[in-house]
There are 2 protein chains.
Amino acid sequence: MNIAVVGVGLVGGSIGLAARERLGATVRGVDPRGDQAVARGAVDSAHDDLASALEGADAAFVAVPVDGLLDTVRAVLDAAPPGCAVTDVGSTKGAVARSCRDPRFVGGHPLAGAEVSGVEHARADLFDDATWYLTPAPDAQGVVLERLHRLLSGLGARPVVIDAEAHDRLMAAVSHLPHVLANVLVARAAGALGDERVPATGPSFRDATRVAGANPPLWNGIYAANAPALGDELDGAIAALAAVRDDLRSGADLTGWQQQAAQDRAALLSALAAGPVRELRALVPNRPGVVAEIALALSDAGINISDMALSPSAGGERGEIAVSVPEARAEEAAALVVELGFGVDL
Amino acid sequence: MNIAVVGVGLVGGSIGLAARERLGATVRGVDPRGDQAVARGAVDSAHDDLASALEGADAAFVAVPVDGLLDTVRAVLDAAPPGCAVTDVGSTKGAVARSCRDPRFVGGHPLAGAEVSGVEHARADLFDDATWYLTPAPDAQGVVLERLHRLLSGLGARPVVIDAEAHDRLMAAVSHLPHVLANVLVARAAGALGDERVPATGPSFRDATRVAGANPPLWNGIYAANAPALGDELDGAIAALAAVRDDLRSGADLTGWQQQAAQDRAALLSALAAGPVRELRALVPNRPGVVAEIALALSDAGINISDMALSPSAGGERGEIAVSVPEARAEEAAALVVELGFGVDL
């Protein structure tokens with residue numbers, strides 16, 4: 001199989017490494033630093049022009065930065081042979097779907113590798129177990145979609161087919177909106193606190209603001225790339241907040257609203273962990289060793305911790321630890337924590 | 001010292017236990033289940049009427065549920081002797097400050113004990129290290145404030161004096177608003193996902209929604225009790241979200257906004273952990289033992305983990321672990337994690 005990778009950085013380089021190692025593919029790279037990609041083993045050969053890289057290619061991956069993406073996809077489609085499957089790895093899919101209509105093109109988005117960049121960080125296992133969205137237009141060739149689907153599975157990923165606009169809305173809801181809300185929360189808290197210290201108020205504030213201010217240039221680009229869908233999500237969030245505010249001011253009961261959130265969260269969390277999970281909370285002294293002690297006791301019993309958060313109290317002497325474990329093992333996990341001398345809320 | 005506790009549940013009972021054990025005080029309790037409080041050792045004697053409980057009292061704590069709070073504080077002020085300091089433990093302070101104006105009254109709010117209730121869970125160390133707000137009106141007697149301040153320190157808490165309205169705004173910003181936003185996020189995600197599974201998108205969604213749907217009846221009460229301040233915070237959050245949405249749609253650069261959030265978060269987190277912290281992130285196989293291994297390596301080196309979060313990938317085979325450690329030990333902590341064979345972003 002012949003594969004062309006246009007843009008051989010972290011993602012493109014990892015595609016090349018995995019395709020060579022796992023699929024025995026011949027990989028041709030197009031990149032200003034192509035020699036480095038060859039040296040890294042990410043591609044078999046480096047090319048300066050699309051024509052020679054795409055000659056006889058079965059599939060082409062466009063993995064260039066977002067600002068050159070649309071032009072590059074179009075150029076690749078121009079140069080690609082009739083039967084070649086062309087895809088990209090951009091984090092939003094609506095714009096590329098609208099501007100690159102071709103039966104050989106299916107947009108893609110692997111959920112992997114946002115924090116570091118460069119072919120020197122490329123790894124053959126970057127996509128293992130990662131969701132990789134494929135967003136075929138209605139007129140995409142079935143054989144192209146099928147080939148890409150098989151190819152992504154071969155790279156170790158879990159391909160998921162989804163409409164391009166639905167993809168962008170989903171990313172806006174589960175990734176971009178949380179980042180915007182985290183930023184708003186720290187701004188409100190900074191405004192409310194003035195010179196006060198943040199009191200220890202349980203895990204809500206820490207957890208809700210964990211991603212506030214993440215990598216500013218990167219996230220400015222992510223927001224901008226998904227501006228239409230994120231704008232719609234912001235409209236939706238604003239409407240929801242206004243409804244809660246109005247209910248609050250009219251004295252309406254919010255118990256049902258809070259219950260609905262609990263149900264939604266449980267459903268979403270269960271899906272995320274690929275099985276129902278349950279959260280244990282324990283009050284523990286905040287000293288080195290406590291987290292290890294609890295985690296070790298659970299791991300010794302073969303109980304996997306899918307999520308964990310520790311919230312210190314104001315002076316740092318005590319804290320609450322929350323661990324998510326498989327529901328079927330929750331009672332057993334709680335008993336183990338109690339055995340260590342800590343009180344548990346199940 | 002004579003102390004009266006009106007309402008002897010988790011908080012009132014813990015006040016009684018700590019006052020008896022640590023201050024050698026005589027504690028009189030007023031509660032329908034006063035006998036149980038005596039049996040628990042939380043009070044020396046149970047009283048059916050305020051008059052006998054408050055006779056000669058130096059201080060009185062009102063720790064009844066929020067719906068009877070204002071009436072009970074007024075009744076206690078009527079029955080209390082001239083020199084008696086009267087306080088309450090309600091979670092909002094504006095309403096009680098406005099309706100219970102008396103030089104002997106100073107509102108209070110300990111940040112402790114929200115999840116369980118009942119005198120059977122009372123503990124002498126419930127307030128150790130906990131922030132306990134005191135909200136004196138401008139005409140509060142200095143001697144009353146001073147006595148309460150000393151008393152709270154004696155119970156193990158860290159008293160913090162703050163204006164009642166500022167207190168309510170602060171709680172709205174750092175506790176109540178995060179809960180509302182978490183609920184909105186799960187509702188948006190549930191809407192965007194339909195029957196899709198939640199993809200593994202890094203820690204943002206899990207962390208931001210950790211408190212979504214927490215204890216519905218309890219939180220309905222908390223929202224309602226702080227409705228004015230929370231309504232104002234919601235107005236502020238809505239305005240901030242609308243500004244971001246407008247910037248997005250006009251194509252404005254959001255890098256500076258993202259940077260400001262990073263600065264605010266760093267400042268708020270440093271205050272919370274009582275010292276600068278730094279977050280390490282490592283990609284690890286998601287199996288029992290990994291968390292323990294990392295936590296143990298850090299604890300063996302005496303490096304305290306003030307916060308930890310593990311985000312699984314879609315299939316649960318790998319995950320990203322984020323740990324916050326003292327800034328001064330961050331390099332050393334990273335080296336230890338690398339030694340275990342995991343890549344670290346510092």
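Okay, let's start with one residue: Asp129(B) is buried, at a relative accessible area of 4%. Keep in mind as we go that this is a predicted model.

So where does that aspartate sit? Asp129(B) is in the loop that runs between β6 (106-110) and β7 (131-136) of chain B.

Now hop over to chain A. Asp129(A) is found in the loop between β6 (106-110) and β7 (131-136) of chain A. Buried or exposed, then, for Asp129(A)? Buried: the relative accessibility of Asp129(A) is 4%.

Okay, let's follow that loop into the sheet, staying in chain A. What's the strand order? You read it as β6-β7-β8 in chain A, an open sheet of 3 strands with mixed pairing. On the edges you have β6 and β8 (158-161) of chain A, each pairing on one side only.

β6(A) and β7(A) run antiparallel, paired over 5 bridges. If you want one to click on, take Gly108(A): its bridge partner in β7(A) is Leu134(A).

Helix α6 of chain A, residues 142-154, touches β6, β7 and β8 of chain A. The direction of α6 makes about 175 degrees with that of β7(A). Helix α7 of chain A, residues 164-193, packs on the sheet too, touching β6 and β7 of chain A. For α7, the angle to the direction of β7(A) is about 145 degrees.

Last topic, the cysteines. How many disulfides do we get over all chains? The count is 0. Take Cys84(A): it's in no disulfide, and the nearest cysteine sulfur, on Cys100(A), is 14 Å away, where a disulfide would need the sulfurs within 2.5 Å. Cys84(A) is also buried, with a relative accessible area of 0%.

In chain B, Cys84(B) is in no disulfide either, and the nearest cysteine sulfur is that of Cys100(B), 14 Å away. Cys84(B) counts as buried as well, at 0% relative accessibility.

That's what I had, thanks.

Methods. Residues are numbered from 1 along each chain as its sequence is written. Chains are lettered from A and ligands numbered from 1 in the order in which they are written. This is a predicted model: local features need pLDDT of at least 70, side-chain atom pairs count only at pLDDT 80 or more; totals for chains, interfaces and linings use all residues. Side-chain values use heavy atoms; hydrogens and water are left out. Buried means under 20% relative accessible area, exposed over 50%, partly exposed in between (1.4 Å probe, protein chains only). Helices (H or I, at least four residues) and strands (E, at least two) are DSSP runs, numbered from the N terminus. Two strands pair if DSSP finds at least two bridges between them. Contact means heavy atoms within 4.5 Å. Axes are lines fitted to C-alpha atoms, for helices over the stretch in contact, and angles run from 0 to 180 degrees between N-to-C directions.
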